[in-house]
Amino acid sequence: MLNPVRIYGTWDEGIVLDNHMLKSVFLGYDENGKEQFENTRTEIGELIYKFKYQKDKSCLPRIMDLIRDILDKWNLKEKIDIVIPVPPSNKTREYQPVFEMAKEIAKYLEKEYKLDILSKESNLQVKDGYNINDMIKQNKNIENEASILVIDDLYSTGATLNEVCKVLRNDNNVKAIYCLAMTKTKG
């Protein structure tokens, strides 16, 4: 069961589906001095973790099973025209989880999926304390007037989604922006 929460920012409407973590207990340090934790994640948090960090592609159908009801209740089929993913910071992954989720959501909503609209100019991340202002670039304009659904996997401060929306707002064909984040970290 998900616990969706509204998120507020430079978008028109936004939802994060659930927290990422239920609890995290510090266990100490390993032999290399790295902090060790025992983490208990929400159901979708665990699926996102396995899908993103353990490359377990079998998690995507279950993620979609969990979120369909919320997509329907949010009435996105009537509200949006295009689905785009937040550009990833780590461009070296063999596959990009946020791309795969956005593609499946677009398919479910029977909407256009656009991968080539945005890019991120750096691998720096807000979670590491970096300012990402002006790091999101628009590579291609939206061709016709459209409302956009932006998909992100992990939401912390909202800085990345705000930056994405700031860039999209400069495109005259963008009517409205909706943001959907899978999980929220405690950031």
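Mentor: Let's start at Gln96, which lies in the loop between E5 and H4. These labels number DSSP runs from the N terminus, with H for helices (H or I, at least four residues) and E for strands (at least two). This is a predicted model: local features need pLDDT of at least 70 and side-chain atom pairs count only at pLDDT 80 or more, while totals for chains, interfaces and linings use all residues. Residues are numbered from 1 along each chain as its sequence is written, and side-chain values use heavy atoms, leaving out hydrogens and water.

Gln96 has a relative accessibility of 9%, so it counts as buried (under 20% relative accessible area; exposed is over 50% and partly exposed in between, using a 1.4 Å probe and protein chains only). Setting aside residues up to four places away in sequence, Gln96 touches Pro88, Asn90 and Lys91, where contact means heavy atoms within 4.5 Å. Pro85 is eleven residues from Gln96 along the chain, and their C-alpha atoms are 9.9 Å apart.

E5 belongs to an open sheet of six strands in the order E1-E2-E10-E9-E5-E6, with mixed pairing; two strands pair if DSSP finds at least two bridges between them. Strands E1 (5-6) and E6 (112-113) are at the edges with a single partner each, so one side of each has no neighbour in the sheet. H4 (residues 97-109) packs on this sheet and touches E5 (82-85), E6, E9 (146-155) and E10. The direction of H4 makes about 140° with that of E9; axes are lines fitted to C-alpha atoms, for helices over the stretch in contact, and angles run from 0 to 180 degrees between N-to-C directions.

Glu110 is not a glycine, yet its phi is positive, about 60°. With a relative accessible area of 65%, Glu110 is exposed, whereas Gln96 is buried.

On the E1 side of the sheet, a hairpin of six residues joins E1 to E2. These two strands run antiparallel and share two bridges, with Val5 opposite Val16 in E2. Val16 also stands opposite Ala181 in E10. E2 (residues 13-19) and E10 (residues 174-184) pair in the parallel sense over six bridges, and Asn19 stands opposite Lys184 in E10. E2 is mostly covered, with five of its seven residues buried.

Finally, look at a pair of helices. The axes of H1 (residues 43-53) and H2 (residues 59-73) come within 9 Å and cross at roughly 150°. That makes H1 roughly antiparallel to H2 (angles over 145 degrees; under 35 is roughly parallel, 65 to 115 roughly perpendicular and the rest oblique). Among the residues making the contact are Leu47 and Phe51 of H1, and Ile63 and Leu66 of H2. By class, this contact has nine nonpolar, no polar and three charged residues; Ala, Val, Leu, Ile, Met, Phe, Trp, Tyr, Cys and Pro count as nonpolar, Asp, Glu, Lys and Arg as charged, and the others, Gly among them, as polar. Asn75 is in the loop between H2 and H3 (76-79); it has a positive phi of about 65° although it is not a glycine, and it is partly exposed at 35% relative accessible area.
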